[in-house]
Amino acid sequence: MKISLNWVKRYVDLPKDLTAKQIAYDLTLRTVEVESVEYTKDKFHDIVVGKILEVKDHPNADSLKICITDIGDETPVQIVCGGENLYKDELVVVSKPGAEVYWHGEDQLVKIKETKMRGEESYGMICGATEVYLDQLFPPKTEREIVDLTGIKCKPGDEIADVVYMDDVVLEIDNKSLTNRPDLWGHYGVARELAAIYDLKLKDLPKLKLDSKLPKYKVEIKEPKKCNRYTATEIEGLDTRKSPLWMQALIINGGMRPINAIVDITNYIMLGVGQPSHAFDRTHVEGEKIIVRNAKKDEKLLLLDDKDLDLTEDDLVIADAKSPLGLAGIKGGKKDSILEDTTGVVFEIANFTASDIRRTDKRFDEKTDSSIRYEKAIDTERVEQGLACGLELFKEIFPDCKIVSFTDEYPIKTERVKIDVEQEFLDVRLGKVLDRKTIEKVLTSLGYDVKYEKGVYHVVAPVWRSTGDVSIKDDVMGDIARILSFDSFDAKPLPVRFEHAVIQPKERLERNLREYLAFRCGFNEIFTYPWIDEKYIKAAKIDTNKAVRLATPPAPELAILRCSLIPGMLEVVAKNLRYYNEFRVFQMAQVFEDGEYYESTEEETLPIHKQYLTGCIVGKNAKDIFYEIKGVVEDMARYNHMEEIYFTHEEKPSWADVNAYLNIKLGSEEIGSLGLVSVYTMSESKIKRTNVAMFEINVDKLVPLDSRTNEFKHLPQFPLVEKDLSILVDDDVKWEDITKVIKSKVKSIEFIEEYRGNQVPVGKKSITLRVKIGNEDSTMTSDEINTKMNNIMKTLANQCKAVLREE
């Protein structure tokens with residue numbers, strides 16, 4: 001979302017010494033993430049207003065003109081121009097040498113230089129709208145049309161950025177950071193936050209003033225649970241003139257495109273206070289009545305962009321007495337369009353239920369600026385704010401317009417949330433004791449009503465935060481912490497002491513299984529979404545009675561969370577067969593089933609979920625891949641240090657071939673299955689001209705064996721000395737005997753070779769061994785080495801009757 005600081009300043013007077021970068025930093029720390037800061041004036045450098053004093057024919061080019069132009073300097077300049085609408089005393093946009101423009105429709109910026117064109121001197125360039133970023137303000141009718149500023153208050157030499165209200169700073173806000181803040185989807189909400197951060201006064205919005213004797217416009221809400229409030233204001237005396245330049249500039253910097261004054265007013269309200277609105281041409285509303293209802297069976301709606309929607313009976317529409325006019329809260333229909341001959345409107349400002357808007361815009365893939373805001377759950381009182389702002393703008397732009405009738409249908413009101421917050425709770429959770437005055441000041445600046453009694457703050461959240469954003473005392477505590485800035489809280493180290501490694505057999509087993517399949521068995525690991533296309537579930541004949549269904553799925557066919565990994569694997573196989581004839585893949589992931597699971601507390605209720613492992617081998621020879629995948633599962637226990645599993649042939653998995661399958665068991669419990677995928681399942685999954693073998697195991701049921709106890713030893717601090725010994729011993733002396741008698745005298749001992757031959761006496765054998773010796777606190781000297789080796793040899797002689805072999 002884009003936020004114009006010029007727009008924000010209409011609602012709060014920011015200090016003049018406050019920089020845009022500081023505002024971005026403070027907003028990021030306290031409220032929302034600012035991704036970038038754009039100074040809109042920068043791109044208009046060296047672009048000014050010029051006044052054409054004389055237009056002459058170019059002597060060497062029929063399509064060019066020579067314009068003597070006043071650009072505010074001491075003397076006029078000569079500019080050669082190919083524009084088609086040049087005339088004496090015209091105010092134009094002039095790019096002086098040094099300006100950067102898009103030259104005649106090219107996509108790269110070009111720096112303007114003083115030059116000659118067909119032999120005539122040309123100082124700069126008289127510009128068309130697309131060349132100097134003004135095509136939204138001054139849409140050109142032809143490629144050669146230049147911007148005509150005549151009639152706009154300006155003089156030669158004025159910077160064009162100031163003339164067209166483009167001396168602004170635009171903050172780009174990360175939409176994800178304000179998903180849970182419906183109050184921030186408009187400039188007034190951001191201004192409120194800045195007023196709280198900098199302790200400034202927020203200006204009031206206009207108050208709604210309507211004649212109580214106005215006739216009622218007929219409105220019927222047939223679905224009050226989907227439409228909480230609906231206002232219809234009939235206004236006459238309008239036309240499709242352009243909106244004021246200041247409004248157009250704000251709308252552009254707010255991320256939208258100006259169209260005409262009527263449409264611009266509706267967009268200005270939405271960007272200003274975050275309340276979507278809509279204007280119907282009143283002559284297109286048949287029966288002079290608005291009906292908010294569900295669509296009828298087989299009803300259609302033609303949208304503004306000529307897209308024809310096949311409506312369902314769950315879609316909320318705005319209709320007249322005959323047919324739908326628009327998709328409620330999302331987009332208007334072509335029937336109600338504002339046209340060139342529009343002279344009156346029915347001005348709609350309404351409140352629709354977030355979940356219904358979200359469901360409909362996902363169904364039709366029609367996410368709009370309006371639906372994005374309704375999806376966040378807007379409070380019903382904002383309707384009044386939007387209406388007051390809108391009517392003030394209509395009166396300002398169309399002084400002679402008249403309100404003919406008005407209706408406010410208000411079946412459901414947003415109630416303010418009441419929360420009790422204990423002082424002790426804040427002291428503990430904040431890690432800092434704040435005085436009562438500070439807490440009340442922060443909360444009041446954010447719109448809370450606060451009453452303190454006996455150590456408890458009785459808090460009433462503002463209505464614009466009472467649609468789900470603020471619901472528990474932790475939310476209130478979070479508001480206090482962020483406005484004071486997290487920088488104001490001292491960092492305290494956590495009292496953590498690591499005494500020994502924590503052995504986690506289950507986690508180690510999962511890691512080992514992945515490495516076993518990837519490194520030893522040649523599988524590639526895959527990751528898939530938890531929602532599964534229903535056609536693959538049906539292909540695998542998976543029972544979905546206990547499946548978890550999404551209320552708002554990414555697509556209608558993706559409503560079921562996986563209750564088995566097999567359907568997802570079928571989809572992976574079908575897609576990868578386009579590129580590979582043979583491959584091996586596996587996935588370890590959670591599957592879900594209907595029920596209740598508590599991760600930590602009963603407040604955190606989740607569906608039941610289990611950890612499963614699946615793998616598949618794809619190849620031409622069915623027998624080979626069946627035995628290969630059987631071998632992979634069979635060796636799993638041996639290579640992964642877990643309890644042994646075994647196979648039976650009892651109950652066929654729904655997806656498997658009638659003969660080629662096995663049940664996987666641990667003890668008496670079945671924990672999985674493997675087999676060849678059946679012809680039916682492959683056919684339904686569009687898997688052709690190959691064979692597939694799969695397995696699926698419940699990892700939660702696998703039992704890791706106890707870890708071996710290993711002892712840690714430091715690496716030596718000083719160099720070790722390596723020596724080889726060749727000794728003669730009796731034939732019945734074992735290597736174990738030799739090791740036993742000298743292992744305490746050496747750092748390590750290694751067997752090299754054993755020899756019997758001509759040089760070795762009968763009944764004897766030669767053994768060569770390698771020892772490493774060393775000191776704990778110093779490097780060994782030659783004398784120490786000799787003494788140590790003599791000591792070792794003496795021990796071998798005494799204990800094993802060994803003698804040093806002489807070559």
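Visitor: Where does Pro411 lie?
Guide: This is a predicted model. In it, Pro411 is in the loop between β23 (402-409) and β24 (418-422).

Visitor: Is Pro411 buried, exposed or partly exposed?
Guide: Partly exposed, because its relative accessibility is 40%, and that class runs between 20% and 50%.

Visitor: What does Pro411 touch?
Guide: Leaving aside residues up to four places away in sequence, Pro411 touches Ile221, Pro224, Cys227, Asn228 and Arg229. The C-alpha atom of Pro411 is also 8.4 Å from that of Lys225, and these two residues are 186 apart along the chain.

Visitor: How do β20 and β21 pair?
Guide: Antiparallel, over 2 bridges; β20 covers residues 324-327. Leu327 stands opposite Lys331 in β21.

Visitor: Different topic. How many bridges join β3 to β4?
Guide: There are 7, and the strands run antiparallel: β3 is residues 47-58 and β4 is residues 61-70. Lys56 has Ile66 of β4 opposite. The two strands form a hairpin with 2 residues between them.

Visitor: And what about β4 and β5?
Guide: β4 and β5 (residues 77-81) are antiparallel as well, joined by 5 bridges. Cys67 has Ile79 in β5 as its bridge partner. These strands also form a hairpin, with 6 residues between them, and Gly72 in the turn has a positive phi of about 90 degrees.

Visitor: Where do side chains point in a strand like that?
Guide: In a regular strand they alternate between the two faces of the sheet.

Visitor: Now the whole chain. How many helices and strands are there?
Guide: The chain has 20 helices and 39 strands. Of its 807 residues, 48% count as buried.

Visitor: What is its radius of gyration?
Guide: The chain has 40 Å, whereas a compact globule of 807 residues would have a value near 28 Å. Along the principal axes, its C-alpha atoms fill a box of roughly 125 × 75 × 70 Å.

Visitor: Last one: how far apart are the mean positions of the positive and negative charges?
Guide: They are 2 Å apart, for 116 positive and 142 negative charges.

Definitions and conventions
Residues are numbered from 1 along each chain as its sequence is written. This is a predicted model: local features need pLDDT of at least 70, side-chain atom pairs count only at pLDDT 80 or more; totals for chains, interfaces and linings use all residues. Side-chain values use heavy atoms; hydrogens and water are left out. Helices (H or I, at least four residues) and strands (E, at least two) are DSSP runs, numbered from the N terminus. The radius of gyration is taken over C-alpha atoms; the globule rule is 2.2 Å times the number of residues to the power 0.38. Buried means under 20% relative accessible area, exposed over 50%, partly exposed in between (1.4 Å probe, protein chains only). Lys and Arg count as positive and Asp and Glu as negative; His and the chain ends are not counted. The place of a charge is taken as NZ of Lys, CZ of Arg, CG of Asp or CD of Glu. Two strands pair if DSSP finds at least two bridges between them. Contact means heavy atoms within 4.5 Å.
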